Amino acid sequence: MSTMTEDPQAGARGPEPQVRIGQGPRDRREVLIKLLWIGVWLVFLSSPVHDLTSGHHTTAGTVAGAAGLAVFVVAYLSLVFRNMGRPFSPRAVAVLLGTLAVLAPALGYGLGTHWTGLFVYLSVACGATLPPRLAVWAIPGSAVLMYLVGLRWGVYAVDEDLLLVVLIGCAMIGVSQLVRTTVELRKARATVAQLAANEERLRLARDLHDLLGHSLSLITLKSELAGRMLPDHPDKAAQQVADIEQVSRQALVDVREAVTGYRRPRLAVELAGTQVALTAAGVTAELPDGPDLDGVDREAESALAWALREAVTNVVRHSGADRCAVRLLHRQTLDGPVLELTVEDNGTGGSGGGFGNGLTGLTERLEKAGGTLEAGRFRHGFRLVARVPAAAAGDIGSGA
């Protein structure tokens with residue numbers, strides 16, 4: 001219940017970014033959405049709320065029940081909400097779970113069977129926050145506590161409520177494992193991007209060594225021969241010089257072919273480099289986990305990578321910022337689907353609203369790829385937005 005997200009294709013169909021599984025909210029909108037997904041399940045607390053307002057208890061009992069229910073809800077929301085992004089420490093988790101484990105039987109034992117539904121939330125919290133080896137014991141323990149509270153009020157049957165406590169807790173173990181796996185996959189994808197950058201550098205080094213080693217050795221040899229032949233055999237020396245020119249031209253062609261793929265930047269590689277550059281400059285970086293390039297051709301990806309490099313260079317050199325956020329989103333515009341790169345910083349420097357040589361060249365590069373560039377100051381700093389065409393709407397991925 002605590003880790004449900006928006007439709008994963010939502011970012012592809014509209015301008016809003018998706019809410020990411022297993023990660024903390026990035027802005028107020030995502031906080032509200034995640035609170036909604038958690039809070040909607042509090043509807044099952046209607047039974048204890050109705051019991052409080054029915055007048056069946058003394059004033060002291062009603063006040064104690066209301067206070068206990070409020071503490072229970074706050075502890076549950078805090079525990080489950082934080083677990084979706086930046087979990088509490090094990091000690092804090094133990095304290096909050098202990099609070100739930102004390103309040104649920106205490107309220108049920110003191111106020112009646114209307115309150116046994118709290119054990120469902122206790123089971124959910126155990127499945128969502130505890131390691132599986134502990135959760136498989138804590139969840140049946142919650143069911144046993146619920147049964148013992150039922151005995152207090154003369155309920156001896158093992159009914160569907162007990163089964164629900166066990167099943168929903170076990171389901172949350174599976175959901176929690178899915179979230180952990182998703183987080184690990186994000187980290188693995190970032191590692192793969194870094195390894196891809198290193199492999200590209202090694203490829204260039206290997207290609208240049210293989211291409212230039214032989215050619216430069218041949219040029220050196222023929223230059224020595226031409227030098228020795230020049231006084232007595234100028235015609236043969238001229239032939240050697242002609243051979244040197246031919247070998248040099250061929251080497252130049254080979255080098256250009258070798259570096260063509262290298263000089264075209266890749267977005268994943270640039271994101272990895274951005275993290276390193278901003279961290280080295282003392283700028284707090286907020287970066288997407290990895291680019292979703294479905295429907296984006298290599299030329300458009302290269303243009304976005306150049307835009308990211310130029311924007312980060314400006315942040316590091318000119319902005320004076322201490323925060324920089326990078327977002328990659330698929331959007332549907334009037335001109336069709338696009339992949340949008342946004343780079344925002346909170347600096348006071350930079351180019352203000354004008355376009356310097358770097359941004360002018362970047363605009364031309366994006367236009368050549370069918371994209372657009374917007375850059376200028378906004379309320380909190382400087383923002384650069386680059387867009388390139390993506391695939392048809394049915395083929396767009398979910399964004400970053």
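**Close-up views of a predicted model**

**Figure 1. A salt-bridge network joins Arg-331, Glu-340, Glu-374 and Arg-387.** The model shown here and in the other views is predicted. Glu-340 and Arg-387 are both buried. Over the whole structure, a search finds nine salt bridges.

**Figure 2. A salt bridge connects Arg-309 with Glu-270.** The N to O distance between the two side chains is 2.5 Å. Because Arg-309 belongs to helix H11 (residues 298-319) and Glu-270 to helix H10, the pair ties together parts that are 39 residues apart in sequence. Arg-309 is partly exposed, at a relative accessible area of 34%. Glu-270 counts as buried, with 11% relative accessibility.

**Figure 3. Helix H10 covers residues 267-280.** The end C-alpha atoms of this 14-residue helix are 20 Å apart, in agreement with the 20 Å that it should span at 1.5 Å a residue. Its buried residues are Leu-267, Glu-270, Leu-271, Ala-272, Thr-274 and Leu-278. Glu-270, in this buried set, is the residue whose side chain meets that of Arg-309 in a salt bridge. Just after the helix, Gly-282 adopts a positive phi of about 75°.

Figure 4. Arg-249 is exposed, with a relative accessible area of 56%, while Glu-245 is partly exposed, with 42%.

**Figure 5. Helix H6 (residues 118-129) contains Ser-123.** Twelve of the twelve residues of H6 are buried, so the helix is largely enclosed by the rest of the structure. Among them are Phe-119, Tyr-121, Cys-126 and Gly-127. From first C-alpha to last, H6 reaches 17 Å, close to the 16 Å expected at 1.5 Å a residue. Ser-123 has 0% relative accessibility and counts as buried. Leaving aside neighbours within four places in sequence, Ser-123 contacts Ile-139, Ser-142, Val-165, Ile-168 and Gly-169.

**Figure 6. Val-144, Leu-145 and Leu-148 make a nonpolar surface patch.** The area of the patch is about 240 Å². Leu-148 lies in helix H7 (residues 132-152). This leucine, Leu-148, counts as partly exposed because its relative accessibility is 46%. For the protein chain, the accessible surface comes to about 21300 Å², and 61% of that belongs to carbon and sulfur atoms.

**Figure 7. Residues 1-19 and 393-400 have pLDDT below 50.** The protein chain averages a pLDDT of 78, and 82% of the residues score at least 70. Over residues 1-19 pLDDT stays under 50, and the model has 55 contacts beyond four places in sequence for this stretch. Residues 393-400 also fall below 50, with 28 contacts in the model beyond near neighbours in sequence. Across the chain, the secondary structure comes to twelve helices and five strands. Of its 400 residues, 41% count as buried. Among contacts between residues at least 6 apart in sequence, 69% join residues at least 24 apart.

Conventions. Residues are numbered from 1 along each chain as its sequence is written. This is a predicted model: local features need pLDDT of at least 70, side-chain atom pairs count only at pLDDT 80 or more; totals for chains, interfaces and linings use all residues. Side-chain values use heavy atoms; hydrogens and water are left out. Patches are made of residues with over 30% relative accessible area and no salt bridge: like charges are joined within 9 Å, nonpolar side chains (Val, Leu, Ile, Met, Phe, Trp, Tyr) within 5 Å. Accessible areas come from the Shrake-Rupley method with a 1.4 Å probe; for residues, only the protein chains shown count as cover. A salt bridge is a side-chain nitrogen of Lys or Arg within 4 Å of a carboxyl oxygen of Asp or Glu. Helices (H or I, at least four residues) and strands (E, at least two) are DSSP runs, numbered from the N terminus. Buried means under 20% relative accessible area, exposed over 50%, partly exposed in between (1.4 Å probe, protein chains only). pLDDT is the predictor's confidence in each residue, from 0 to 100. Contact means heavy atoms within 4.5 Å. The expected span of a helix is 1.5 Å times one less than its number of residues.
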